[in-house]
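Please keep the sequence and the model in view while working through the numbered points.

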Amino acid sequence: MTQQPVATPQPVATSDKLDAAVLKVAGVVVLGAIMSILDVTVVSVALPKFQNEFDASYARVAWTMTAYTLALATVIPISGWAADRFGTKRLYMVALALFTIGSGLCATADTIGQLITYRVVQGLGGGMLMPIGMTIMTRAAGPHRIGRLMAVLGIPMLLGPIGGPILGGWLIDIASWHWIFLINLPIGVIALIYAQLALPKDDPEPSESFDFLGMLMLSPGLALFLYGVSSLPEAGTFGDPEVWGPMLVGAALLVAFVLYSFRSRHPLLDLRLFANRNLTVASVTLFVFIIAFMGAGLLFPSYFLQVRGESTLAAGLLMAPQGIGAMITMPIAGTLADKVPVGRTVPFALGLIVLGFFTFTQLDANTPYLLLCGSLFVMGLGMGGTMMPIMTSALKTLHAQEVARGSTLVNILQQIGGSVGAAVMSVILTNELNGSRVIPGVTDPSGEPVTEAGLAIASQQRPELTQQMPVEPSLIERGLDFAAHAFANTFWVAFALVALTFIPAAFLPRRREPSHLLDGTPGDELKTPVVIH
């Protein structure tokens, strides 16, 4: 006897509201997203502490962030296949456990090498949390409510870069750097128990065989390409073999994978999904936006730390207006994404970001905090109406069996865009700062000459340096002015890239289109496309 689907398991067709059952599932995913996203930005404020603790250079300790990103990029491609093969609940719990174990190991590190290695373990778990979490939430929401539920997931995605520095600075100030990792242990245990109780039982369908050949090209290709990009700030030029060598090999592997994937019956990464116009346009828009905003976003706290001499906690708190702005518009944008085509709302949100961003192209060493915080608030308003609606547009017209692979594509583009943006902005800022005048007769402990900007920045965190070196106060002021203008020039590049996002955004859907999210999946109630109202 054929079992008939019951009417109760799928509330999506009867209600536009997020009921308790759907919010319960969303809570699991948000917990995992909070851990994985916060961990990136929490570590960013701990880098100076790692330098002192492990007696290592900044370039060396920066690999605690780079290694995590590389691990993320390596494991994301297999997430779509693994979700189909083993089930989303099972895989999500494995990712949570791996991330939690990696966090515990990081807190035990005695050397910088150990810490970098343990960050890789963390990244292998964290890389699966976001794409699998997006798949779980998309399936739970259904076509009518995907925008609202994606807005819920967007909260940790947008607030992570703001809350991370605050949390990291506070933990380092009151305890030690170990606690930026130890705090993940209770959250991870709670998330595992919550996931076991809240997520629906897995019913994985038979999956095609694993694409080992594709994995041997895609994962190493991504890792090598991003390794080369991440080496750029330390090398300072694309001409360094450590930069162009891995990038060239990685790019060759990626090109080979692209050519291979269109011939393979079951490729590891289904690039055929880009035949969906909405997915392609949304992905390009998101990619350009991530390069600009996420790359520059890492520099906002650096300006407060290096030029204004704020503590890590104070720098994090100064970033809070951006999070407040995002919290205001994100629920509104999520609701609108279910009712209004994103092509009619995203350009207005981008306009707010451009407006707020302009202030940072005019920075000096004494720009009023009221103006800076007000601009961050306006940018937050724009952020809340940008990322999640774009991701909603990318996924909601996919069929249910395509969601896992679609979210994998979107997450890979985010990781590549974020890594490229961070590396490019760091190189531009470094080159700008290197243009500062050298102080005659003054060298650092390694014998290297000291620049005015370099001394001014160092003196903001270590005022005793001005007593140790015979320099005039006017020199420090001149160095801070130069550093502020270096930041401003870097933000001009980011500003131009954000403005360029208007071009692909102009092609986002401006008419209501049918959603096939639940169409064609065995057991689904909805067998025909549902128009998004």
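Predicted model: local features only at pLDDT ≥ 70, side-chain atom pairs only at ≥ 80, totals over all residues.

1. Apart from neighbours within four places in sequence, tyrosine 260 is in contact with Asp211, Leu213, Gly214 and Met217, where contact means heavy atoms within 4.5 Å. Tyrosine 260 belongs to helix H11, residues 241–261; helices (H or I, at least four residues) and strands (E, at least two) are DSSP runs numbered from the N terminus. Its relative accessibility is 16%, so tyrosine 260 counts as buried. The terms used are buried for under 20% relative accessible area, exposed for over 50%, and partly exposed in between, with a 1.4 Å probe and protein chains only. Between the C-alpha atoms of tyrosine 260 and glycine 214 there are 7.6 Å, although 46 residues separate the two along the chain.

2. Residues are numbered from 1 along each chain as its sequence is written, and side-chain values use heavy atoms, with hydrogens and water left out.

3. The chain as a whole comes next. The protein chain has 23 helices and four strands. Of its 533 residues, 55% count as buried. Among contacts between residues at least 6 apart in sequence, 80% join residues at least 24 apart.

4. Which residues have the most contacts inside the largest nonpolar core? They are Phe50, Tyr92, Leu115, Ile180, Phe181, Phe357 and Phe491, and the core has 141 residues. A nonpolar core is a set of buried Ala, Val, Leu, Ile, Met, Phe, Trp, Tyr and Cys residues joined through side-chain atoms within 4.5 Å. Phenylalanine 491, with neighbours within four places in sequence left aside, is in contact with Ala296, Leu299, Phe300, Phe357, Phe360, Thr361 and Leu363.

5. Two packed helices are described by the angle between their axes and the distance between the axes. Helix H12 (residues 277–297) packs against helix H18 (residues 387–395) at an angle of about 155°, the axes being 8 Å apart. Axes are lines fitted to C-alpha atoms, for helices over the stretch in contact, and angles run from 0 to 180 degrees between N-to-C directions. H12 and H18 are therefore roughly antiparallel; angles under 35 degrees count as roughly parallel, over 145 as roughly antiparallel, 65 to 115 as roughly perpendicular and the rest as oblique. In H12, Asn278, Leu279, Ala282, Thr285, Leu286, Phe289, Ile290 and Met294 meet Met387, Ile390, Met391, Ser393 and Ala394 of H18. This contact of H12 with H18 has ten nonpolar, three polar and no charged residues. In this scheme Ala, Val, Leu, Ile, Met, Phe, Trp, Tyr, Cys and Pro count as nonpolar, Asp, Glu, Lys and Arg as charged, and the others, Gly among them, as polar.

6. Threonine 386 lies in the loop between helix H17 (369–384) and H18. With 0% relative accessibility, threonine 386 counts as buried. Neighbours within four places in sequence aside, threonine 386 is in contact with Phe289, Val346, Ala349, Leu350 and Ile353.

7. H17 also has a place in two further pairs. Helix H15 (residues 320–337) and H17 pack at about 25° with their axes 6 Å apart, and the two are therefore roughly parallel. Pro321, Gln322, Ile324, Gly325, Ala326, Ile328, Thr329, Met330 and Ala333 in H15 meet Cys373, Leu376, Phe377, Met379, Gly380, Leu381 and Gly384 in H17. By class, the contact of H15 with H17 has eleven nonpolar, five polar and no charged residues.

8. The axes of helix H13 (residues 299–307) and H17 come within 13 Å and cross at roughly 170°. H13 and H17 are therefore roughly antiparallel to each other. Phe300, Tyr303 and Phe304 of H13 make the contact with Tyr369, Leu372, Leu376 and Met379 of H17. The residues of this contact of H13 with H17 are seven nonpolar, no polar and no charged.

9. Is histidine 485 buried or partly exposed? Histidine 485, in helix H22 (residues 473–500), counts as partly exposed because its relative accessibility is 43%. Histidine 485 and leucine 363 are 122 residues apart in sequence and 6.3 Å apart in space, C-alpha to C-alpha.
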